Amino acid sequence: MKTSQSTIYSTVACNLDQHLLQATLPLFASEKIEAIEWSFDTLFKVKNIPDWFVELLKTYSQANRLIGHGVYFSIFSGKWSEDQTNWLRHLKKTANHFKFDHVTEHFGFMTGSDFHKGAPISVPYNQSTLALGRDRLVRIYDACQCPVGLENIAFAYTLDEVKQQGEFLTKLIEPINGFIILDLHNLYCQLQNFSLSFDTLIKAYPLDRVREIHISGGSWEPSDVHPTRNIRRDTHDNAVPDEVFELLKLSLNRCPNLKFVVLEQLGTALYTSEQQIQFQHDFDRMQNIIHQYLKKNTPQISNTFLPEIKSSLSLEIPQNEELAQQQAELSFILETAKNHSDAHEKLRQSSLASTDWKIENWSAYMLETALKIAQKWKQGW
Amino acid sequence: MKLPKTLLQAITLSIAISAVTGITTSCEKENIDRTTAEPTDDGDPKPQCGFEDCPACGMG
């Protein structure tokens, strides 16, 4: 196997946001930010990107240190939409303009009826969704012509789903020789929400396929249906918890093809100077962990994550009408149900009952959480 | 990674201008008046939305 010496870049998720830029400016000025991750599909309402932001992207792009992170593609939507066609067209144009070192998207389908509204929710892990996801990933690769990856999702309805996600991700990325983003805060949510140990869960992920790691903060939310339990949510609106930094230390030497470690935080959680200073401290702490690791280890990347065989694309884009109907029904229930009991009853009477969705096994407190997520994001952002 | 001084100056200037006028965000594009948003405890306008305010990771 051919290997090449590499390094691990300390990266920030950097978008056109005043407060995020205020928080990151001292890090840029002190030359600490080694790469940036840009959510290239979030500027859909902006007609003109400022010249300096374009120059920032180009500067990192020319050094092969710009990575793209999509938000809205919704790879598991049963029904293909014109918005997805446009998304791919936009990606192709953007990837021609700025050279991405790789491009990533999120696992799941977006609940919203509008392309830019809703939140990603998981799908059944079966042959049908596998085929759909594989096809969509090939189309993303066809548009960007660089390595393509998928991020593990924080949300799960059941413990079985948590344990099976890694295996399903592995199958999904196989045709494009893709990679995964291991989001450690998403993993932390699953460890907390399903009372799992890190050693157990991490073994379920294809760690040789990890090219990027995310760290971020989140929040705790009480559960009405399970009063003794607080639900951990990946809200990106707080400092990175100590536990997630510990997960980073534990993960570095398990991911031999790792290239980027990204600190993510919402600009809306960086309004005060205290929050901005905390963000800078989090970056320094992340970078220090990486540098300590690199003092003792020289990463030898053995995978280009480029497809070995070019997959052919059918002119007719595969769709799954039954899945689309179920997703529309689920989205409507999640967005409109009064509470967990109401949602549970409506699901029991829906077309999702007694299917691969396995709604009969869903944890009550996670269904309650799904309602909160879907209802939070149904008006978009 | 080292950035050109002119680029850092441009970012600094942009942030300074944004702090006075409000950055061009999706909020403005939808004509949401940030200045009339519900104030936070420290008196600043409460953000309605922003580029980084996204649902993407599945537990947001």
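Biologist: In which strand does Phe260(A) lie?

Modeller: Phe260(A) belongs to strand 13 of chain A, which covers residues 260-263. Keep in mind that this is a predicted model.

Biologist: Is Phe260(A) buried or exposed?

Modeller: The idea is to count neighbours: a residue is buried if 20 or more other C-beta atoms lie within 10 Å of its own. Phe260(A) has 22 such atoms within 10 Å, so Phe260(A) is buried.

Biologist: Which residues is Phe260(A) in contact with, leaving aside neighbours within four places in sequence?

Modeller: Those contacts are Tyr9(A), Thr11(A), Ala35(A), Ile67(A) and Glu212(A). Look at Arg211(A) too: 49 residues separate Arg211(A) from Phe260(A) in sequence, yet their C-alpha atoms are 6.6 Å apart in space.

Biologist: Which strand pairs with strand 13 of chain A in the parallel sense over 4 bridges?

Modeller: That is strand 10 of chain A, residues 210-215. One bridge joins Ile215(A) to Leu263(A) of strand 13. Both strands belong to a closed barrel of 8 strands with parallel pairing, in the order 2-3-4-5-8-9-10-13. From one strand to the next, the twist averages 25 degrees.

Biologist: Now the helices. How are helix 4 and helix 5 of chain A oriented to each other?

Modeller: Two packed helices are described by the angle between their axes and the distance between the axes. Here, helix 4 (residues 127-144) and helix 5 (residues 159-173) of chain A have axes that come within 8 Å and cross at roughly 50 degrees. The two helices are therefore oblique to each other, and their crossing is right-handed. By class, their contact has 4 nonpolar, 1 polar and 2 charged residues.

Definitions and conventions. Residues numbered from 1 in each chain as written. Chains lettered and ligands numbered in written order. Predicted model: local features only at pLDDT ≥ 70, side-chain atom pairs only at ≥ 80, totals over all residues. Buried ≥ 20, exposed ≤ 12 C-beta atoms within 10 Å, placed from the backbone. Contact = placed C-beta atoms within 7 Å. Pairing = 2+ DSSP bridges. Axes fitted to C-alpha atoms, helices over the stretch in contact; angles between N-to-C directions. Parallel < 35°, antiparallel > 145°, perpendicular 65-115°, else oblique. Left-handed = near helix turned anticlockwise from the far one by under 90°. Nonpolar A, V, L, I, M, F, W, Y, C, P; charged D, E, K, R; others polar.
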